[in-house]
Amino acid sequence: MATKVSNPSADLPVFLSFKEVWRNRGRFLLFSLVIALITLLVLFIAALGEGLGNGNREYLAKLDAQLLVYSEKSDFLIAASRVDPALSTSIRRVPGVENAGPLGTSSVNLVSRESGQTLKISLIGAEPGRPGLPPVISGQPLRASKANEMIIDSNVAERSDIKVGDTVVVQSTQGTDTEEYRLRVIGLTDSRQYSLAPTAFVPFQTWDKVRPKSQAEVNSNNPTANVIAVRVSNPAEMEVVEARIFENIQNVETATIEKAIQNVPGYSAQQSTIQTQGVFTLFIGLLVIGGFFQIQVLQKVPQIGVLKAIGAPNPVIAAASVLQILIVTALGVAIGGLLTFLFSLSFPPTVPIVFNGQRTLLALGLLLLIGPVGGLVSIRYAVRIEPLKALGLSS
């Protein structure tokens with residue numbers, strides 16, 4: 001009975017690549033560690049970009065609204081915008097608007113009465129029942145418009161000993177004095193960072209009372225919001241609703257949530273810088289891998305000449321080189337990925353590192369790809385080697 005014989009041309013590249021890697025395992029392991037360090041750097045740059053981006057956009061990205069209404073000539077900067085909170089009533093009358101409410105943002109110190117620990121937070125004010133307040137995952141939502149109550153996000157809970165049911169102190173500057181206000185934490189929501197800070201939510205009128213004020217604002221009784229958050233009935237008609245708002249409301253400008261995020265101070269420049277660093281790191285990895293395997297090929301020109309002299313075709317030589325590059329690159333990426341995971345376990349919550357699954361997989365895929373791409377020059381050189389010249393037999 002005949003037996004099936006495996007194809008030698010298919011097995012030979014595997015044998016050659018594994019045999020050489022094993023015989024020179026020390027050298028190849030050291031190079032895999034170099035690739036691991038490049039992997040570590042690329043993954044942390046990607047995680048840093050995601051963490052910094054999240055810290056700036058997270059609250060806006062999760063906002064239960066599709067439009068923000070700013071004061072005219074505010075350049076779509078929330079902190080620079082000043083609108084009358086009563087404007088939300090007029091906006092709610094615009095056809096296509098489902099709900100609208102004022103939003104106020106400020107930065108204050110939150111002090112735990114239990115430990116005296118101080119935490120810098122973003123304080124956001126919104127009217128109960130209107131866009132702007134997040135759903136709670138434990139405790140109760142805000143219901144009263146003037147209550148001295150607060151919802152904290154998970155970042156506040158992670159960075160302090162504050163929990164639902166505690167009474168905290170909010171410190172803010174009123175004119176030239178620092179005032180303290182006692183508020184009770186009644187709820188906890190998921191991560192809602194704003195301006196790279198953990199976030200707490202209070203009723204709008206409470207926010208207007210405790211927010212930092214200039215001397216002129218201390219003596220004023222007129223509340224001021226930063227923007228109006230607008231939820232539209234049909235998101236597909238957003239442009240129509242924007243046009244109607246301009247027709248009915250004077251001295252305002254509108255922006256979608258995406259546009260509002262892009263106009264967060266420093267957000268676009270920050271993300272561009274991080275992405276540029278990532279691209280340059282990958283490019284450096286490409287050059288390093290290409291240079292290493294080019295040297296490898298130069299060192300084994302006689303061996304390749306012998307293989308060709310005994311009949312090994314160019315596809316076999318090329319396949320062995322590609323497989324060798326893939327083995328070393330995959331080992332380095334695996335080690336780098338493991339080191340990244342171990343290091344990430346030691347980072348405190350204050351470090352803005354977020355490993356996004358999609359970004360991480362993309363980075364790992366690119367790192368695996370740059371191995372063969374970086375080795376193209378060495379592969380091309382290997383298949384062009386002339387056996388007689390390699391063995392020194394040509395005249």
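Biologist: Over residues 29–245, how far apart do the end C-alpha atoms lie?
Modeller: This is a predicted model. An unreviewed UniProt entry annotates residues 29–245 as "domain: MacB-like periplasmic core". The span is 29% helix and 32% strand. Its end C-alpha atoms are separated by 64 Å.

Biologist: What average pLDDT does the protein have?
Modeller: Residues 1–6 stay under 50 in pLDDT, and the model gives them 1 contact beyond four places in sequence. Across the protein, 94% of the residues score at least 70. The average pLDDT is 86.

Biologist: Which residues does the record list under "transmembrane region", and what is the helix content over residues 361–383?
Modeller: The unreviewed UniProt entry gives residues 28–49, 278–295, 316–341 and 361–383 for that annotation. Over residues 278–295 the model has 100% helix and 0% strand, with end C-alpha atoms 26 Å apart.

Biologist: How much area do domain 1 and domain 2 bury between them?
Modeller: The domain assignment gives domain 1 as 12–57 + 268–391 and domain 2 as 73–250. Their C-alpha centres lie 48 Å apart, and 7 residues of domain 1 are in contact with 7 residues of domain 2. Of the area buried between the two domains, 55% is on carbon and sulfur atoms. The total is about 540 Å².

Biologist: Which three residues supply 67% of the area that domain 1 buries against domain 2?
Modeller: No other three residues of domain 1 supply more of that area. The three are Gly55, Asn56 and Pro349.

Biologist: Is Thr340 buried or exposed?
Modeller: Thr340 is found in helix H11, which covers residues 314–344. Beyond four places in sequence, Thr340 touches Leu40, Leu43, Phe44 and Phe355. Its relative accessible area is 3%, and the cut-off for buried is under 20%, so Thr340 is buried.

Biologist: Which side chain does a polar contact of 2.6 Å join to that of Thr254?
Modeller: Thr254 is found in strand E10, residues 252–256, and counts as buried at 6% relative accessibility. Beyond four places in sequence, it touches Leu68, Val69, Phe76, Glu242, Ile245 and Phe246. The side chain at the other end of the 2.6 Å polar contact is that of Glu242.

Biologist: How far apart are the C-alpha atoms of Thr254 and Ala100?
Modeller: Thr254 and Ala100 are 154 residues apart along the chain. Their C-alpha atoms are separated by 13 Å.

Biologist: Where does Ser195 fall: buried, partly exposed or exposed?
Modeller: Ser195 is in the loop between strand E7 (177–189) and strand E8 (199–203), and its phi is positive, near 55°. Its relative accessibility is 43%, and the range between the 20% and 50% cut-offs is the middle class, so Ser195 is partly exposed.

Definitions and conventions: Residues are numbered from 1 along each chain as its sequence is written. This is a predicted model: local features need pLDDT of at least 70, side-chain atom pairs count only at pLDDT 80 or more; totals for chains, interfaces and linings use all residues. Side-chain values use heavy atoms; hydrogens and water are left out. UniProt positions are given in the numbering used here, feature names are shortened, and annotations may be inferred rather than shown by experiment. Helices (H or I, at least four residues) and strands (E, at least two) are DSSP runs, numbered from the N terminus. Buried means under 20% relative accessible area, exposed over 50%, partly exposed in between (1.4 Å probe, protein chains only). Contact means heavy atoms within 4.5 Å. pLDDT is the predictor's confidence in each residue, from 0 to 100. Domain bounds come from an automatic or database domain assignment. Buried area is the accessible area (1.4 Å probe) that two parts lose on being put together, summed over both. A polar contact is a pair of N or O atoms within 3.5 Å; within protein, one must be able to donate a hydrogen and the other to accept it, and residues adjacent in sequence count only if both atoms are side-chain atoms.
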